[in-house]
Amino acid sequence: MAIIPYDDRDGTIWFDGRLVPWRDAKIHVLTHALHYASCVFEGEKIYNGRVFKLREHSQRLIDSGRILGFDIPWTLEQIEEASIATVKAQGLTQGYVRPVAWRGPEQMGVAAQATRIHMAIAAWDWGAYFSPEARFKGLRLSWAKWVRPAPNTAPTAAKASGLYMICTLSKHAAEAEGYEDALMLDWRGRIAEATGANIFLVIDGELHTPTPDCFLDGITRRTVMGHARARQLKVVERAIMPEELAKAQEVFLTGTAAEITPVSEIGEYKFTPGKVCRMLIEDFDRLTQAASAASAA
Ligand code: PMP
């Protein structure tokens, strides 16, 4: 299937305070962010015309910027309004929103104190992140050779572009071997996350998930933990070693784009998508539909 390049589409993008024609939302090649990864972003999902968890995502965008040492020149409310305006201008009822904030071309070199902070928000129709069958059959993951860095090696709490360098490398390596994604360990050898989603293990009816001390504490992850607790499931955040996958009856990934997707294989470990994952998918679907119904009323 041919992909329409992202710079050559119809529509409207919010860019530094204005809605501009899609093809005009351009930056210069000497933009600091392009050379030095001074860039943060978000990924949000639209359900029935409403951006799910817009407040949490907008706040995380601001926080990510601060972690990279810059203040986005828009308030939380302005970012939310701009996101809603973008979705409306695009006429979307389902889809994806990508806010991004970055250091501009006013200064080149490692030092970037004089750069201006720019922000753009694009929204488009984007289907399933993984193949639609993955929701039933489960995903096949390889082991990534890259590990998540220590929190004093990289700003790991931010959703920052630079952190995705090893994710793209890991995902490409996985795809080249016929897998859908890769599971990354952290610098200590503990299970961390997939290249764009968090991981959960079901062990004897309890939900176990790695403590997010060097990778993104996903908004979907927190939502799913809340649902599990409401279902009286014990939720345990802890250090998880790779060998512990042998004890897991079910494994699944969570993320805005990934939603909740079961895993059928991680290297030598095999799993069957099961009822805990199915129940949490149903709870999640109910929440996304209810949240949108409430706003439509
Ligand atoms: N980890 C990484 C590396 C991600 O890119 C994402 C997707 N944003 C997640 C975890 C899940 O985060 P969220 O549930 O907030 O989308």
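How much area is buried between domain 1 and domain 2, and what percentage of that area do carbon and sulfur atoms give? The area is about 1,600 Å², and carbon and sulfur atoms give 64% of it; buried area here is the accessible area, found with a 1.4 Å probe, that two parts lose on being put together, summed over both.

## The model and its domains

This is a predicted model, in which local features need pLDDT of at least 70 and side-chain atom pairs count only at pLDDT 80 or more, while totals for chains, interfaces and linings use all residues. Residues are numbered from 1 along each chain as its sequence is written, and side-chain values use heavy atoms, with hydrogens and water left out.

The chain is assigned a domain 1, covering 12-124, and a domain 2, covering 134-290, with bounds that come from an automatic or database domain assignment. Taken over C-alpha atoms, the centres of domain 1 and domain 2 are separated by 26 Å.

## Where the domains meet

Between the two domains, 19 residues of domain 1 are in contact with 20 residues of domain 2, where contact means heavy atoms within 4.5 Å. Of the area that domain 1 buries against domain 2, 35% is supplied by Phe41, Tyr47 and Arg60, which is more than any other three residues give.

The count of salt bridges between domain 1 and domain 2 is 1, a salt bridge being a side-chain nitrogen of Lys or Arg within 4 Å of a carboxyl oxygen of Asp or Glu. Lys45 forms a salt bridge with Glu259, and their closest N and O atoms are 3.4 Å apart. On the side of domain 1 that touches domain 2, the elements giving two or more residues are β3 (39-41), β4 (44-47) and α2 (54-67), named from DSSP runs numbered from the N terminus (helices are H or I, at least four residues; strands are E, at least two). The largest share of this side, 5 residues, comes from α2.

## Two residues with positive phi

Most residues other than glycine have a negative phi. Asp16, in the loop between β1 (12-15) and β2 (18-21), has a positive phi near 50 degrees. Ala37, found in the loop between α1 (32-36) and β3, also has a positive phi, of about 60 degrees, although it is not a glycine.

Are these residues buried, partly exposed or exposed? Asp16 is partly exposed, with a relative accessible area of 26%, and Ala37 counts as partly exposed at 31% relative accessibility; buried means under 20% relative accessible area, exposed over 50%, and partly exposed in between, with a 1.4 Å probe and protein chains only.
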